[in-house]
Amino acid sequence: MEDLSLSEYLNSQLDRLCRIVGIDPKSASLLLADLLGPAGSRPLSLPPAWSSGIADDHTPVEFSVAFNHNERPSVRILGESIDTAPSAATNLVAARKFVETQAARFGLSMSRFDRVRDLFAADEPFGGFGLWHSLVFQRGRQPEFKIYLNPELKGVERAPSLVAEALERLGLSGSYRVALENGVRPGELGRADRLTFFAIDLHDAPHARVKLYLSHHDAHARDVVRAASVVDGVDAEEFGEFCVAAGGETGIFAGRPLVSSYTFLGEMDRPAGYSVYVPIRSYVNDDEEARDRVAALLDRYGFDSAELDRIIAALVTRPLHEGVGLIAHVSLRLGLPRPGVTVYLSAEAYQISPPRPRRRPTAMVHAQPPAGRCAA
Ligand code: TRP
């Protein structure tokens with residue numbers, strides 16, 4: 001295992017994942033190799049070449065499986081291009097090159113990206129990244145591509161005006177206003193509520209999306225309900241219940257932030273869809289607990305939770321209670337273009353986070369401080 005390269009390790013996970021879901025692994029495998037570039041041949045016995053923010057252990061790839069009604073799940077890769085001399089600036093150049101190559105190969109539409117690309121350029125992107133890739137594989141279809149741009153790359157305080165300009169150019173100013181009015185707590189833009197990603201589908205079909213992601217630090221489930229309430233035809237309360245089912249009765253989500261996204265379609269004057277992403281790994285003791293919560297959620301929304309176990313087994317063989325973070329996020333999406341649940345899975349190429357100790361009633365008796373004081 002120590003002698004494996006990053007790409008060998010990730011490719012064997014991807015291969016198993018694709019087979020389980022019924023996708024031909026060949027084209028996925030080629031794209032993964034392209035995405036990793038020379039960084040793929042680096043042995044796993046060496047530390048990560050770049051401290052990628054994609055995953056907690058800096059693996060530059062995260063897998064996810066999106067469950068949709070009436071079709072097989074799709075397998076997705078979130079990935080970061082890593083230059084041979086990695087830095088936020090050189091990686092951005094490498095990322096743009098990867099996108100150009102795929103655009104030529106697959107006939108992707110760059111028109112919306114082209115309208116905003118100058119805004120998302122910086123000599124030294126703040127926050128460590130400029131552009132991440134999403135590759136989506138579905139049985140019998142060409143892969144689809146989405147890019148995630150960093151609204152904070154010129155500084156946190158410049159993100160709101162940068163996003164305003166980008167959405168203006170795309171004819172989506174009205175939607176942005178509606179999103180900010182409801183998706184941000186008063187006075188918290190750039191503070192507890194941050195503009196985290198600006199995503200663009202690289203195709204031209206009517207369901208091509210622009211998505212704006214917000215991170216909500218120290219938020220309550222009710223903040224998400226309020227944010228979702230502006231999307232026509234979705235049951236906003238459902239998002240609150242989802243947060244509690246995934247995150248537990250935390251009250252305030254004080255660990256990793258809740259993330260949400262608004263989907264903008266066409267030139268509509270309000271968001272067409274909404275998603276919430278619960279960083280479940282901050283709110284469980286171990287992956288067994290995360291698995292049980294996610295399985296219950298899949299059942300609740302009419303998906304096959306047995307598939308989750310096959311997916312997990314495609315990625316790791318370790319007992320789930322021996323780590324935390326394999327299931328990084330779980331998300332619910334409602335509204336257009338299609339509702340569903342997505343499970344985000346860490347590759348754990350470099351590290352497994354140790355579980356938090358589960359409190360056992362008998363152990364607690366011994367661990368209690370003297371009477372009169374309260375354990376935290
Ligand atoms: N690892 C980062 C985080 O947890 C970015 C990220 C990866 C992310 N996958 C995600 C954020 C899914 C939200 C949803 O924030």
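S346 is found in strand β12, which spans residues 340-346; strands (E, at least two residues) and helices (H or I, at least four residues) are DSSP runs numbered from the N terminus. The model is predicted, so local features need pLDDT of at least 70 and side-chain atom pairs count only at pLDDT 80 or more, whereas totals for chains, interfaces and linings use all residues. Residues are numbered from 1 along each chain as its sequence is written, and side-chain values use heavy atoms, with hydrogens and water left out.

S346 is buried, with a relative accessible area of 9%. Buried means under 20% relative accessible area, exposed over 50%, and partly exposed in between (1.4 Å probe, protein chains only). A polar atom of the S346 side chain lies 2.6 Å from the backbone oxygen of G325.

E152 belongs to the loop between β4 (144-149) and α5 (159-169). E152 is buried because its relative accessible area is 9%. The C-alpha atoms of E152 and V163 are separated by 9.3 Å, at 11 residues apart along the chain. D83 is placed in the loop between β2 (74-79) and α3 (88-106). With a relative accessible area of 23%, D83 is partly exposed. From D83 to A39 the C-alpha distance is 7.5 Å, while 44 residues separate them in sequence.

The ligand is surrounded by G53, I54, E62, L78, W132, Y277, R281, H329 and Y344, each with a heavy atom within 4 Å of the ligand. This shell divides into five nonpolar, two polar and two charged residues. In this division, Ala, Val, Leu, Ile, Met, Phe, Trp, Tyr, Cys and Pro count as nonpolar, Asp, Glu, Lys and Arg as charged, and the others, Gly among them, as polar.

| Residue | Protein atom | Ligand atom | Distance |
|---|---|---|---|
| I54 | backbone N or O | nitrogen | 2.9 Å |
| E62 | side-chain N or O | nitrogen | 2.7 Å |
| R281 | polar side-chain atom | oxygen | 2.9 Å |

The protein covers 82% of the 350 Å² of accessible area that the ligand has on its own, by the Shrake-Rupley method with a 1.4 Å probe.

Terms used. A polar contact is a pair of N or O atoms within 3.5 Å; within protein, one must be able to donate a hydrogen and the other to accept it, and residues adjacent in sequence count only if both atoms are side-chain atoms.
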